[in-house]
Amino acid sequence: MALTPSRMLELNTPAPDFHLLDTVSGKVFSRQDFQNQALLVMFICTHCPFVKHVEAELARLGLDYLAQNVAIVAVGSNDAQNYPDDAPDKLKAQAERMGFNFPYLYDESQEMAQAYSAACTPDFFLFDQGHKLVYRGQLDASRPKNDIPVTGKDLRQAIDALLAGQAVSSEQIPSIGCNIKWKPGKEPQ
């Protein structure tokens, strides 16, 4: 299990656009579908132990912020040819098993992961209502086998500050997880 940290995309970066298929509904979503809403983009997958460790909390985030003007999308960007556990049907099965109430997009070309500078699973990017980056970093301090409870504390504090019209602290700790499984020639420089 290789530990890979977030690249920590520069704060205030505009959210790159995307047009990707939701593995559950079959609908194509784009950034424009979430106009005037805060937008949380989560790069996750099915097989990573770091994602498995927090996936129940991700489902709770979806429920807790459903009515609060926060759009959430999960994105699977791993190379499904070499990592078949991350193929669209497996992403859909994960979403259904966990009760995700947000789109779970499949980034087959890996262009969305590259545009967002995603490095690991999980990797979190929170954008304000104007889709400027206000938080990128860890869900919380819990990791597999470190005995710290999964609470979503860091990400929840950022979302709550944003919703309250307060500044999100710029002191942010990178997420840690498995590296994105890049297709040959797609690895970021």
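Which residue lies over the face of Y83? That's K181, sitting at 5.8 Å from the ring centre. A charge counts as over a ring if NZ of Lys or CZ of Arg is within 6 Å of the ring centre and within 35 degrees of the ring normal.

A quick note before going on: this is a predicted model, where local features need pLDDT of at least 70, side-chain atom pairs count only at pLDDT 80 or more, and totals for chains, interfaces and linings use all residues. Residues are numbered from 1 along each chain as its sequence is written, and side-chain values use heavy atoms, leaving out hydrogens and water.

Now for the rings. You'll find seven aromatic pairs here. Rings of Phe, Tyr and Trp (its six-membered ring) pair if their centres lie within 6.5 Å; planes under 30 degrees apart are stacked, over 60 edge-to-face, and the rest tilted. Take F43 and F125: their centres are 5.8 Å apart and their planes stand at 85 degrees, so this pair is edge-to-face. F43 belongs to strand β4 (residues 38-43) and F125 to strand β8 (residues 123-127), so the pair ties together parts 82 residues apart in sequence. Strands (E, at least two residues) are DSSP runs, numbered from the N terminus. Ring pairs also link F43, Y116, F125 and F127 into a cluster.

And the cysteines? The structure has zero disulfides (pairs of cysteine sulfur atoms within 2.5 Å). For C120, the nearest cysteine sulfur is that of C48, 8.2 Å away.

Some buried residues (under 20% relative accessible area, 1.4 Å probe, protein chains only):

| Residue | Relative accessible area |
|---|---|
| C48 | 0% |
| C120 | 0% |

F43 and F125 are both buried too.

Notes:
Helix = DSSP H or I, 4+ residues; strand = E, 2+ residues; numbered from the N terminus. Buried < 20%, exposed > 50% of the residue type's maximum accessible area, 1.4 Å probe, protein only.
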